[in-house]
Amino acid sequence: MKGLIRINHFQGRDYINILFWHGYYLHGSGSNIFALNISREFSKKHRVFLFSQENNFEYIEGVKNFITLDERGDTKDEKSFSSTGFTAVRPHIGELLPVFVYDDYEGFKVKIAPDLTNEELERYIEHNVISLVSFIEKNNVDIIYANHFAIAPYIMKKVKEITGTPYIIIGHGSSLNYTVAKDERYMELSYEGFLDAESIVIQSEYIKKRCKEVYGKYKSFFDGPKIKIVPAGVNLEQFKTDFTKEQFNEIARRKVLSSKGTTSLVNKILFEKAQGETCIENLYELILDTEKNADYREFDRDLVEKIPEIGEDEKGICYVGKLIISKGVQLLIMSLPYIFRESPKTVVSIIGYGKFRYPLELLSNALITGNKNLVEMIIENGRYLENGHEKEPLELCKAFWEKLRENGKINEYMELASRIPKDKVVFTGKLDHDTLPYILQQNHMIIIPSIFPESFGMVCAEGMALGLVPVTMNHSGLKEVIPFEDNLVDLDENVIESLTAKVNLNLKKLKEDKNLPHRFIEEGHKYSFEEVANNILKLYTP
């Protein structure tokens with residue numbers, strides 16, 4: 001096969017032609033950030049083509065040029081940005097974008113992957129195979145690295161059958177838990193693709209264990225020689241402590257110029273409309289109406305003005321990630337009355353975007369203003385406010401609320417919540433990695449309250465690299481990054497009380513031990529994308 005001949009003869013080249021395939025965008029999630037950073041590292045020594053659906057590279061560093069492909073895999077448009085870096089490629093995949101966690105994406109009909117019909121799945125696979133084969137034949141690609149178990153392994157297998165190009169699969173928790181575990185089609189197709197891969201990279205022992213559970217009859221495969229554990233990393237060039245306020249403001253002001261995102265005023269108006277609402281359907285409609293005029297996926301238009309100033313006598317706590325129920329931000333919000341009781345000089349920053357952004361901000365405002373009825377409505381019907389059809393509660397919040405009720409403590413809890421200064425709990429909205437380090441370095445603690453398994457705590461490692469003390473859930477890949485008892489929270493019916501206790505404990509330790517941040521900097525620097533890229537590259541032997 002001509003692909004195999006090409007692989008074994010570099011014609012005097014001292015570099016490799018690498019294609020990194022990622023079916024999504026390059027911001028907002030761990031696997032997106034992973035694809036971008038690994039491509040940057042690869043491109044320092046090799047020729048790299050990064051396939052994704054990202055279409056805005058104006059503020060993304062490391063891009064040499066951007067190519068858009070048509071339905072035949074031919075170049076439709078090309079833009080140049082720099083003389084160095086990787087080539088970004090946007091292939092034609094049709095009008096349908098299969099996702100693991102539902103969100104809206106402009107220009108696409110979006111469906112969660114298990115909801116695809118067989119015909120839709122076959123068409124998506126075919127679009128990708130056509131683009132890849134055409135591009136590989138024109139660009140002499142030596143090796144493919146492909147993100148996610150659904151549906152990359154099978155696509156790459158089909159591509160290899162035509163071109164002979166070898167491939168390495170990189171797994172992440174989202175596709176495994178949200179798609180492969182729920183739909184046998186993806187389990188069978190991905191396993192078929194695994195068999196022809198050079199290696200399968202996973203990020204933690206947790207993912208290895210979880211693969212054995214999900215793949216059941218094929219579980220012995222995950223003890224085999226193709227499975228390689230390579231933890232994710234941190235871009236240490238970005239996550240450094242010399243990021244200035246002036247640099248942040250310059251970048252942020254450029255980004256908000258054309259933004260259709262929300263503002264503090266928009267959220268204030270939504271809360272005013274929601275205060276007396278007693279019908280969950282009406283509340284959901286209010287949120288949808290707000291989304292039409294203020295897109296939660298874009299940068300908050302008042303981003304520069306709303307970033308909190310943390311005083312010398314204050315401690316900053318932050319969350320960074322998607323604002324969806326599975327990330328557990330509601331647990332942090334429910335713990336705030338007790339955190340502020342112990343540490344009133346605290347500033348909390350909720351950083352990120354997602355379908356649950358507006359309900360979370362409503363919950364926070366309802367607590368602080370004493371609107372018990374709105375708090376209860378959000379707790380009882382939280383999942384409906386995220387997806388519009390499941391009238392189910394925020395289970396762990398409901399368990400906490402019921403305990404307060406049984407013990408006659410609701411009024412006391414609400415009175416504590418009313419003492420929280422409203423300007424000390426800030427939802428910043430979306431931040432990219434070109435601005436995130438500045439916000440992180442202002443803070444002292446990072447919280448990862450995820451109630452869903454995570455393959456690896458990349459955000460946690462990023463925070464630690466800047467000296468933030470982590471408090472994270474004691475499960476999945478998260479506990480492999482943070483093997484410290486004082487920083488781990490058990491995920492059970494007492495999780496809000498436990499989270500409160502661990503946050504307060506570490507706030508106390510921060511006051512007493514000035515060297516604590518330095519110890520976590522050392523932990524964070526154990527993980528770097530440079531090291532990850534080198535380890536993954538070693539798996540390819542031409």
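This is a predicted model: local features need pLDDT of at least 70, side-chain atom pairs count only at pLDDT 80 or more; totals for chains, interfaces and linings use all residues.
I151 sits in the loop between β8 (143–147) and α4 (152–163). The peptide bond joining A150 and I151 is cis, with omega at about 5 degrees.

H148 belongs to the loop between β8 and α4 as well. Its phi is positive, near 85 degrees, and H148 is not a glycine. Is H148 buried or exposed? With a relative accessibility of 2%, H148 counts as buried, because the cut-off for that label is under 20%.

Another positive phi turns up at S476, about 45 degrees, again in a residue that isn't glycine. S476 lies in the loop between β16 (469–473) and α19 (478–481). Its relative accessibility is 8%, so S476 counts as buried.

Here are those two residues in a table.

| Residue | Phi | Relative accessibility |
|---|---|---|
| H148 | near 85 degrees | 2% |
| S476 | about 45 degrees | 8% |

Now for some helix packing. Helix α14 (residues 372–387) packs against helix α16 (residues 410–418) at an angle of about 105 degrees, and their axes are 12 Å apart. Angles of 65 to 115 degrees count as roughly perpendicular, so that's the label for α14 and α16. Which residues make the contact? On the α14 side they are K372, V375 and E376, while α16 brings in I410, N411 and M414. Sorted by class, the contact of α14 with α16 comes to three nonpolar, one polar and two charged residues.

Notes: Residues are numbered from 1 along each chain as its sequence is written. Side-chain values use heavy atoms; hydrogens and water are left out. Axes are lines fitted to C-alpha atoms, for helices over the stretch in contact, and angles run from 0 to 180 degrees between N-to-C directions. Helices (H or I, at least four residues) and strands (E, at least two) are DSSP runs, numbered from the N terminus. Angles under 35 degrees count as roughly parallel, over 145 as roughly antiparallel, 65 to 115 as roughly perpendicular and the rest as oblique. Contact means heavy atoms within 4.5 Å. Ala, Val, Leu, Ile, Met, Phe, Trp, Tyr, Cys and Pro count as nonpolar, Asp, Glu, Lys and Arg as charged, and the others, Gly among them, as polar. Buried means under 20% relative accessible area, exposed over 50%, partly exposed in between (1.4 Å probe, protein chains only).
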